[in-house]
Amino acid sequence: MLKEFKEFALRGNIIDLAIGVIIGGAFQKIVTSVVNDIIMPPIGMLVGKVDFSDLFIALDRGHYASLAEAKQAGAPTINYGMFLNNVLDFLIVAFVIFLVVRQINRFKRKEDKPVTTKVCQYCHSTIPLKATRCGHCTSELDVHPA
């Protein structure tokens with residue numbers, strides 16, 4: 001059983017996954033800092049000097065000056081400001097991942113297999129590149145030697 005676990009744990013995909021998770025965690029810290037320290041303060045300033053991380057609703061209907069004060073009093077809270085920060089975090093991470101995957105797909109498209117089919121000029125069906133007659137409409141095709 002130990003031997004099987006060692007084979008499983010040392011497979012290339014598992015190592016790649018572990019590295020991806022570690023780098024993803026580090027990247028998440030950077031994105032969180034960008035959101036909390038760079039993006040949200042100017043937005044808060046524009047909407048009236050609001051610190052989004054301090055926006056909350058006290059469920060005990062008490063009035064607290066800050067989220068820290070409400071937590072210290074033991075009041076249950078809905079922290080919608082933190083939720084907004086986390087949604088923005090997620091959107092930034094999702095957008096960056098989209099850009100990375102999009103770029104990887106562009107590189108893969110360039111490395112794709114060579115073209116092996118063409119479109120019949122008469123019926124517009126897909127046929128083999130070397131065909132001299134369409135298998136669908138039986139038209140003779142213009143053959144241009146390469």
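Two residues are in contact when heavy atoms of theirs lie within 4.5 Å of each other, and this idea is used in the first and third legends below. The structure is a predicted model, in which local features need a pLDDT of at least 70 and side-chain atom pairs count only at pLDDT 80 or more, whereas totals for chains, interfaces and linings use all residues. Residues are numbered from 1 along each chain as its sequence is written, and side-chain values use heavy atoms, with hydrogens and water left out.

**Figure 1. The chain as a whole has four helices and four strands.**
From the N terminus on, these elements follow the order α-α-β-α-β-α-β-β, where helices (H or I, at least four residues) and strands (E, at least two) are DSSP runs numbered from the N terminus. The radius of gyration, taken over C-alpha atoms, is 29 Å, while a compact globule of 146 residues would have a value near 15 Å; the globule rule is 2.2 Å times the number of residues to the power 0.38. Along the principal axes, the C-alpha atoms fill a box of roughly 85 × 55 × 25 Å. Of the contacts with a separation of 6 or more, 25% join residues 24 or more positions apart. Buried residues make up 14% of the 146 residues, where buried means under 20% relative accessible area, exposed means over 50%, and partly exposed lies in between (1.4 Å probe, protein chains only).

**Figure 2. A nonpolar patch on the surface includes Val87.**
Ile57, Leu59, Ile78, Tyr80, Phe83, Leu84, Val87, Phe90 and Leu91 form this patch, with about 850 Å² of accessible area together. Accessible areas come from the Shrake-Rupley method with a 1.4 Å probe, and for residues only the protein chains shown count as cover. Patches are made of residues with over 30% relative accessible area and no salt bridge, with like charges joined within 9 Å and nonpolar side chains (Val, Leu, Ile, Met, Phe, Trp, Tyr) within 5 Å; a salt bridge is a side-chain nitrogen of Lys or Arg within 4 Å of a carboxyl oxygen of Asp or Glu. Helix H4 (residues 80-110) gives the largest share of the patch, six residues. Val87 lies in helix H4 and is partly exposed, with a relative accessible area of 32%.

Met40 and Leu84 are 44 residues apart in sequence and 9.7 Å apart in space, C-alpha to C-alpha.

Cys123 is partly exposed at 30% relative accessibility, whereas Cys134 is buried at 2%.

**Figure 3. Arg61 and His124 each have a positive phi.**
Most residues other than glycine have a negative phi. Arg61, with a phi of about 65°, is found in the loop between strand E1 (57-58) and helix H3 (67-72) and is exposed, with a relative accessible area of 75%. His124, whose phi is near 65°, lies in the loop between strand E3 (117-119) and strand E4 (126-128), and at 59% relative accessibility His124 also counts as exposed.
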